Amino acid sequence: MRNARLLVSALLSCVVLISASCAFAQDWPQWRGPNRDAKVAGFVVPAAWPATLTQQWKTAVGAGDSTPALVDGKLYVFARQGDDEVTSCLNAADGKIVWQDKNPTAAVGGPAARHPGPRSSPAVADGKVVTLGVNGTVSCLDAATGKVLWRKDVFPNVVPKFYTSMSPLIANGMAIAHVGGDGNGALVAFDLATGDEKWRCANEAPQYASPVLMTVAGTEQIVTLSEKSVIGVGLADGKLLWEIPFVPQGMAYNSATPIIDGQTVIFTGAARGTKAVNIAKQGDAFTATEAWSNPDIACQFSTPVLENGFLYGLSNRGNLFCIDAKTGKTAWLDTTQRDRSGFGAVVDLGAAIVVLPSNGTLIGFQASDKAYTELGQTKVADTPTYAFPVFAGKNVFVKDQDSVILWTLP
């Protein structure tokens, strides 16, 4: 009898662990997912790519290019409604609004006015939601109630030419944002609970890229493209650890997120190609040594994914490609132009890669270095899309021009 009870207890423990891992795998708590690498865990690629999906609900949330965050059955959306930037919490199951926070925000002007809403995606952790507004305001809200815990404007009225785009990072009890612009800015870490400034790295102003984390020789680092460089900054103290020049040319911008492959940082920018550097520690200092450079393929408004040693992405000319991540050599380049401006969210489903260009048609293709093999295309939005599709089980959440839609796969 005792053995039977132990067996039942063990089985129940396994069920709890499996359920918890599934729930975690389906969360998308920040820019490019749990590890900021655009990888979706536990997704089963359908045997036949669906021509259509089933729409479960559609909720108007406002204008913006921000990707929703999905955590514990709640969807956190950052958008613009009238004169306000609005953070909305929705029930993922039915799209109903649980709470909203509205923050009056000056309108986007000039050439950027075609995108009036925020581009920055919220980050959710430790029961808090962190956002970065178009004019540089960092906000922290209670995830359960929407209560404003703190708001900071470190560089008032100072933003990049096309306003903010970087998505904040939550790590080690800190909210980290690259704020300011045009030669006057800093990577700033705020205490997540209080908003107090923990450290500031003012070596480089931001442009439009979002940071990632890597660890070298036991030192956790924040890696990001800045206005004129690629930098590594100590997570604990904000100290600049290494820096290499990467100056945009002409109409190019530093917008793509760096990709971490062990001790290698891969980065890309229009007109500068795609490059990789190896990060190492020598004595008390860190070095960045070039590993390879591919001048023929570059991304501007899209970040590639790394799957099984190969990079898959959408170039600044709107072509899908595959690059060997160890050598930098081009494996294949699809000649069909998918998005004239090179906009496209690329997501790694494992055996398949999907890209959602701004035309709202989701494209699936095989994760293979041999050749481009398309699995199919599915229309998921009738208005322009600039946010990532969020995959969770058989669900796909899509942010279009002013709404969020829940689609389900067959």
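Is Tyr-163 buried or exposed, and what is its relative accessible area? Tyr-163 is buried, with a relative accessible area of 14%. Here buried means under 20% relative accessible area, exposed means over 50%, and partly exposed lies in between (1.4 Å probe, protein chains only).

The model is predicted: local features need pLDDT of at least 70, side-chain atom pairs count only at pLDDT 80 or more, and totals for chains, interfaces and linings use all residues. Residues are numbered from 1 along each chain as its sequence is written, and side-chain values use heavy atoms, with hydrogens and water left out.

Tyr-163 is not a glycine, yet its phi is positive, at about 70 degrees. The residue sits in the loop between strand 9 (148–152) and strand 10 (169–171). Helices (H or I, at least four residues) and strands (E, at least two) are DSSP runs, numbered from the N terminus. Asn-172 is another non-glycine residue with a positive phi, of about 50 degrees. Its loop runs between strand 10 and strand 11 (174–181). Asn-172 is exposed, with a relative accessible area of 55%.

Aromatic pairs number 17 in the structure. Rings of Phe, Tyr and Trp (its six-membered ring) pair if their centres lie within 6.5 Å; planes under 30 degrees apart count as stacked, over 60 as edge-to-face and the rest as tilted. Phe-43 and Phe-391 form an edge-to-face pair, 5.4 Å centre to centre, with 80 degrees between the planes. This pair links distant parts of the chain, 348 residues apart. Phe-43 lies in the loop between helix 1 (2–26) and strand 1 (54–60), and Phe-391 in strand 30 (residues 390–392). Both Phe-43 and Phe-391 are buried.

The ring centres of Tyr-76 and Trp-99 are 6.2 Å apart and the planes stand at 50 degrees, so this pair is tilted. Tyr-76 belongs to strand 3 (residues 74–81) and Trp-99 to strand 5 (residues 97–104), so the pair ties together parts 23 residues apart in sequence. Tyr-76 is buried, with a relative accessible area of 5%. Trp-99 also counts as buried, at 7% relative accessibility. Elsewhere, ring pairs join Tyr-312, Trp-332, Phe-365 and Tyr-372 into a cluster.

Lys-281 is found in strand 20 (residues 273–282). At 38% relative accessibility, Lys-281 counts as partly exposed. Leaving out residues up to four places away in sequence, Lys-281 touches Val-216, Ala-217, Thr-219 and Phe-286. Contact means heavy atoms within 4.5 Å. Lys-281 and Ser-66 are 215 residues apart in sequence, and 36 Å apart in space, C-alpha to C-alpha.
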